[in-house]
Each structure stands twice: as C-alpha cells, then as structure tokens.
Amino acid sequence: MRIYIPAVPADLVKRCPPLTRAVAATNQFQRDHHIEQWTEEDYESLAMDVAAGMSATLGAGARVVLAADADIKEEGSGIVTYQALDWSDVVSIHADGVEGRGLIAAADFESLEVEPLEWYDISERDYLAKLLCADANPHP
C-alpha cells in the first residue's frame, strides 16, 4: 500500500528512510474523511497532506514527506506502521519549496497548511538533501 512518511531534511541523507508512523488512504481513513464523489487519488492527496502536517511538528526548516510502498498495520484512521524500508521502496519525495520554507521560518503555520509541497523523483534525493540541509545550516 502507498504510505506517506513524515520526515525532516536530515532524513534524506540517512542510510534508510525513517521508521515512524505514517499515513495511508486506507478504507478506514476514507470512511473517516468521506467526501461525496472523491476518488482514491483525492484520498491519497489528503493522506499526504496529513503527513505534511505531521512533518511540520518535527521542528525542521522544511516539511518532507516520503511516498513509499509498504506492507502496513493500521493503528486507526489511516495512521499506519510498517517494517523498515530501503530507499528503493520510496517512489517520490515531497518537500517545501522556497515559499513553504519561508512560512516555516516565519512560524506562519496557518498559511503553511494550504501551501503545497513540491514533488521530487527519488533520483533527486541527494540534490534535495543538499538543498534543504544547506538552507537549514547556512554558512555566512
């Protein structure tokens, strides 16, 4: 099942993706967030938004969400656990762009809720890690 893992920029340089609670558009999640005429894709997008909100609470300079395929165990309403993953299980990375990082720096979390994450292919992980980690630790 596709899961959305809340992460921080520093996770991108680690040997494996973080092992933490994630969000998935499970049947229970879809029932709990039911909106008439929504498609599976709409619920997937909402699950990623929930994971982005979880990432925002981790105290980093950018929200990062890893989209991965994994076997899951649901704890309730789309919150899931999974076994340790490898980077080959991650299909894409979603992270704050310049605007989102600025909102985090300004602690404008209300505006951040509607700021979309930017999509990155997994092959861009090293580039994104350098970009986001450099922003978090600027050199004078």
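1. Two strands pair if DSSP finds at least two bridges between them. Helices (H or I, at least four residues) and strands (E, at least two) are themselves DSSP runs, numbered from the N terminus. Strand S4 (residues 72-76) and S5 meet this criterion, pairing in the antiparallel sense over 4 bridges. Within that pair, glutamate 74 stands opposite valine 80 in S5. S4 and S5 form a hairpin with 2 residues between them, and serine 77 in the turn has a positive phi of about 45°.

2. On the basis of the note: this is a predicted model, in which local features need pLDDT of at least 70 and side-chain atom pairs count only at pLDDT 80 or more, while totals for chains, interfaces and linings use all residues. Residues are numbered from 1 along each chain as its sequence is written, and side-chain values use heavy atoms, with hydrogens and water left out.

3. Overall fold. The protein chain has 5 helices and 7 strands, in the order β-β-α-α-β-β-β-β-α-α-β-α along the sequence. Its radius of gyration is 15 Å, close to the 14 Å that the globule rule gives for 140 residues, so the chain is as compact as a globular protein of that length. (The radius of gyration is taken over C-alpha atoms; the globule rule is 2.2 Å times the number of residues to the power 0.38.) Along its principal axes the C-alpha trace spans about 50 × 35 × 20 Å.

4. Buried residues make up 40% of the 140 residues; buried means under 20% relative accessible area, exposed over 50%, and partly exposed in between (1.4 Å probe, protein chains only). Among contacts (heavy atoms within 4.5 Å) between residues at least 6 apart in sequence, 67% join residues at least 24 apart.

5. Strand S5 again. Val80 and Tyr82 make up the covered face of S5, Ile79 and Thr81 the uncovered one.

6. The C-alpha atoms of alanine 84 and cysteine 16 are 68 residues apart along the chain but separated by 8.0 Å.

7. Strand S6. Of the 6 residues of S6 (residues 90-95), 5 are buried, so the strand is largely enclosed by the rest of the structure. S6 pairs in the antiparallel sense with strand S3 (residues 64-69) over 5 bridges, and serine 92 in S6 is the bridge partner of alanine 67. S6 also pairs in the antiparallel sense with strand S7 (residues 118-121), over 4 bridges.

8. Histidine 94. This residue lies in S6 and is buried, with a relative accessible area of 8%. Its bridge partner in S7 is tryptophan 119. The side chains of histidine 94 and serine 92 are joined by a polar contact of 2.9 Å. A polar contact is a pair of N or O atoms within 3.5 Å; within protein, one must be able to donate a hydrogen and the other to accept it, and residues adjacent in sequence count only if both atoms are side-chain atoms. Leaving aside neighbours within four places in sequence, histidine 94 contacts residues including Met48, Arg63, Ala67 and Trp119.

9. Glutamine 30, in helix H1 (residues 27-32), is buried at 17% relative accessibility. A polar contact of 3.0 Å joins its side chain to that of glutamate 40, and tyrosine 43 is among its contacts beyond four places in sequence. A search of the whole structure finds 1 aromatic pair: tryptophan 38 and tyrosine 43, edge-to-face, at 5.1 Å centre to centre and 65° between the planes. (Rings of Phe, Tyr and Trp (its six-membered ring) pair if their centres lie within 6.5 Å; planes under 30 degrees apart count as stacked, over 60 as edge-to-face and the rest as tilted.) Tryptophan 38 is partly exposed at 31%, whereas tyrosine 43 is buried at 4%.

10. Aspartate 108. Aspartate 108 sits in the loop between helix H3 (98-105) and helix H4 (109-112) and is partly exposed, at 26% relative accessibility. Aspartate 108 and tyrosine 120 are 12 residues apart in sequence and 24 Å apart in space, C-alpha to C-alpha.
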